[in-house]
Amino acid sequence: NDANSAAWAERCIGASKGAAYSIMITLGTGVGGGIILGDKLYKGKSGEAGEMHFKISTDKRRKCTCGAWDCFEAYASGTGLKITAEEMLNNPEVTTYDVVGGVKAGDKKMIEVFEKWQNDILAGLIGLTNIFDPECIVLSGSMAEFVDTAYLEREINSEILVQPTKVYKATAGNDAGMIGAALLALGK
């Protein structure tokens, strides 16, 4: 799992270096994840832990790539941003580039779309934080560059039931998956 390997790279050399408990979320076309618990990569019973296919709605509004309805990925991914924009703007031709460009240009409608998408990410991160009580959450992937980590951190910490957490952008780079896989192999 490339997201698990990237989470390990972030733990060893990146944004979550030194954190014994962390979660890494990869925001791209889809959403991936990796979880570090007690300085160990959490793999689950079958080695597949960290899949970000948990429900954040029961409305059956969005079919996810996994086949289920209303998964975190269906809302928090770049694809989720496009769908949010299509729904809010009633425009099937709108792209994520249109949204990001509109936000940079100060377009109020695009800002509303972006804020809705970012709050969908927030909803998932609040749940993950309450479940795993991490020291930090690391956001990586092509869509992570656009999120406001200070906003997410503030909002997460205002709603969670566990101790406060930090939110960082990944720093291990585009090769984090390969680096993490190598580091995991070296550790065995």
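**Strand pairing and helix packing in a predicted model**

Modeller: Strand 2 and strand 3 pair in the antiparallel sense, with two bridges between them. Pairing here requires that DSSP finds at least two bridges between two strands. Helices (H or I, at least four residues) and strands (E, at least two) are DSSP runs, numbered from the N terminus. This is a predicted model, in which local features need pLDDT of at least 70 and side-chain atom pairs count only at pLDDT 80 or more, while totals for chains, interfaces and linings use all residues. Residues are numbered from 1 along each chain as its sequence is written, and side-chain values use heavy atoms, with hydrogens and water left out.

Colleague: Which residue in strand 3 is the bridge partner of Leu-37?

Modeller: Lys-40 is the bridge partner of Leu-37. The hairpin of strand 2 and strand 3 has two residues between the strands, and Gly-38 takes a positive phi near 60° there.

Colleague: And what is phi of Asp-39?

Modeller: Phi of Asp-39 is near 65°, a positive value in a residue other than glycine. Asp-39 sits in the loop between strand 2 and strand 3. Its relative accessible area of 35% makes Asp-39 partly exposed; buried means under 20%, exposed over 50%, and partly exposed in between, with a 1.4 Å probe and protein chains only.

Colleague: What about Lys-60, buried or exposed?

Modeller: Lys-60 counts as exposed, at 58% relative accessibility. It also has a positive phi, of about 55°, although it is not a glycine. Lys-60 belongs to the loop between strand 3 and helix 2 (72–76).

Colleague: Back to the sheet: in what order do the five strands come?

Modeller: The order is 3-2-1-4-5, in an open sheet with mixed pairing. Strand 3 and strand 5 (166–169) stand at the edges with a single partner strand each, so one side of each has no neighbour in the sheet.

Colleague: In which sense does strand 1 pair with strand 2, and in which with strand 4?

Modeller: Strand 1 and strand 2 are antiparallel over six bridges, with Ile-35 of strand 2 as the bridge partner of Ile-23. These two strands form a hairpin with three residues between them. Strand 1 and strand 4 are parallel over five bridges, and Cys-136 of strand 4 is the bridge partner of Ser-22.

Colleague: How many residues of strand 2 are buried?

Modeller: Six of the seven are buried, so strand 2 is largely enclosed by the rest of the structure.

Colleague: Changing topic, which strands does helix 1 lie across?

Modeller: Helix 1 lies across strand 1, strand 2, strand 3 and strand 4, at about 50° to strand 2. Axes are lines fitted to C-alpha atoms, for helices over the stretch in contact, and angles run from 0 to 180 degrees between N-to-C directions. Nine of the twelve residues of helix 1 are buried, including Trp-8 and Arg-11.

Colleague: At what angle do helix 1 and helix 7 pack?

Modeller: The angle is about 75°, with the axes 7 Å apart. The two helices are therefore roughly perpendicular to each other, a label that covers 65 to 115 degrees; under 35 is roughly parallel, over 145 roughly antiparallel and the rest oblique.

Colleague: Which residues of helix 7 meet helix 1?

Modeller: Among them are Ile-179, Leu-183 and Leu-184, where contact means heavy atoms within 4.5 Å.
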